[in-house]
Amino acid sequence: MELSPVFARRLYIALLVDSEERPNVPKLIELTGWPRRTIQDVLKALPGIGISLNFVQDGRRHNDGYYRLSDWGPFDSHWVNSKKTDIVTSINA
């Protein structure tokens with residue numbers, strides 16, 4: 001299965017946000033090795049494909065918190081999880 005690398009990045013970040021504990025930008029940078037700006041751009045683009053995120057304010061400092069995926073929108077999360085290998089392959093293509 002071949003996906004656009006841009007689309008694959010969006011699905012991959014959604015997978016990470018859905019599966020990791022308290023995923024924030026620094027943690028996503030650590031997991032992916034991508035630049036901060038790329039992570040921020042992908043997070044900002046997710047609502048454009050129907051995936052809903054919430055930022056959970058931790059309360060310690062402004063913008064100190066993590067993301068929570070609240071709705072996969074038009075995507076079946078089980079299908080996306082089953083295609084994780086294909087998604088990662090498409091990103092690295």
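Mentor: What follows is a short walk through some residues and helix contacts of this predicted model.

Trainee: Let's start with Thr-32. Where does Thr-32 lie?
Mentor: Thr-32 belongs to helix 2, which covers residues 25-32.

Trainee: Is Thr-32 buried or exposed?
Mentor: Thr-32 counts as buried, because its relative accessibility is 17% and the cut-off for buried is under 20%.

Trainee: And what does Thr-32 touch?
Mentor: Setting aside residues up to four places away in sequence, Thr-32 touches Tyr-12, Ile-13, Leu-16 and Ile-39.

Trainee: How far apart are Thr-32 and Phe-7?
Mentor: Their C-alpha atoms are 15 Å apart in space, and the two residues are 25 residues apart in sequence.

Trainee: Now the helices. How does one describe two packed helices?
Mentor: One gives the angle between their axes and the distance between the axes.

Trainee: What are those values for helix 1 and helix 2?
Mentor: The axis of helix 1, residues 5-19, comes within 11 Å of the axis of helix 2, and the two cross at roughly 120 degrees. Helix 1 and helix 2 are therefore oblique to each other. Their crossing is right-handed.

Trainee: Which residues make that contact?
Mentor: Helix 1 supplies Tyr-12, Ile-13, Leu-16 and Val-17, while helix 2 supplies Leu-28, Leu-31 and Thr-32. By class, six residues in this contact of helix 1 with helix 2 are nonpolar, one is polar and none is charged.

Trainee: What about helix 2 and helix 3, at what angle do they cross?
Mentor: The axes of helix 2 and helix 3, the latter being residues 36-45, cross at roughly 110 degrees and come within 9 Å. That angle makes helix 2 roughly perpendicular to helix 3, because 65 to 115 degrees counts as roughly perpendicular. The crossing of helix 2 and helix 3 is right-handed.

Trainee: Which residues take part there?
Mentor: From helix 2 come Val-25, Pro-26, Leu-28, Ile-29 and Thr-32, and from helix 3 come Arg-36, Ile-39, Gln-40 and Leu-43. The contact of helix 2 with helix 3 has six nonpolar, two polar and one charged residues by class.

Trainee: Staying with helix 3, is Val-42 buried or exposed?
Mentor: Val-42, which is found in helix 3, counts as buried at 7% relative accessibility. Leaving out residues up to four places away in sequence, Val-42 touches Arg-9, Arg-10 and Ile-13. The C-alpha atoms of Val-42 and Gln-57 are separated by 20 Å, with the two residues 15 residues apart along the chain.

Trainee: Changing topic, where is the place of Leu-53?
Mentor: Leu-53 sits in strand 1, residues 52-57, and is buried, with a relative accessible area of 19%. Apart from neighbours within four places in sequence, Leu-53 is in contact with several residues, among them Val-17, Leu-43, Leu-46 and Tyr-67. Leu-53 and Leu-43 are ten residues apart in sequence, and their C-alpha atoms are 8.2 Å apart in space.

Trainee: What is Ser-90 in contact with?
Mentor: Leaving aside neighbours within four places in sequence, the residues in contact with Ser-90 are Met-1, Glu-2, Leu-3, Pro-5 and Ala-8. For Leu-3, the backbone nitrogen lies 3.2 Å from a polar atom of the Ser-90 side chain.

Notes
Residues are numbered from 1 along each chain as its sequence is written. This is a predicted model: local features need pLDDT of at least 70, side-chain atom pairs count only at pLDDT 80 or more; totals for chains, interfaces and linings use all residues. Side-chain values use heavy atoms; hydrogens and water are left out. Helices (H or I, at least four residues) and strands (E, at least two) are DSSP runs, numbered from the N terminus. Buried means under 20% relative accessible area, exposed over 50%, partly exposed in between (1.4 Å probe, protein chains only). Contact means heavy atoms within 4.5 Å. Axes are lines fitted to C-alpha atoms, for helices over the stretch in contact, and angles run from 0 to 180 degrees between N-to-C directions. Angles under 35 degrees count as roughly parallel, over 145 as roughly antiparallel, 65 to 115 as roughly perpendicular and the rest as oblique. A crossing is left-handed if the near helix is turned anticlockwise from the far one by less than a right angle, and right-handed if clockwise. Ala, Val, Leu, Ile, Met, Phe, Trp, Tyr, Cys and Pro count as nonpolar, Asp, Glu, Lys and Arg as charged, and the others, Gly among them, as polar. A polar contact is a pair of N or O atoms within 3.5 Å; within protein, one must be able to donate a hydrogen and the other to accept it, and residues adjacent in sequence count only if both atoms are side-chain atoms.
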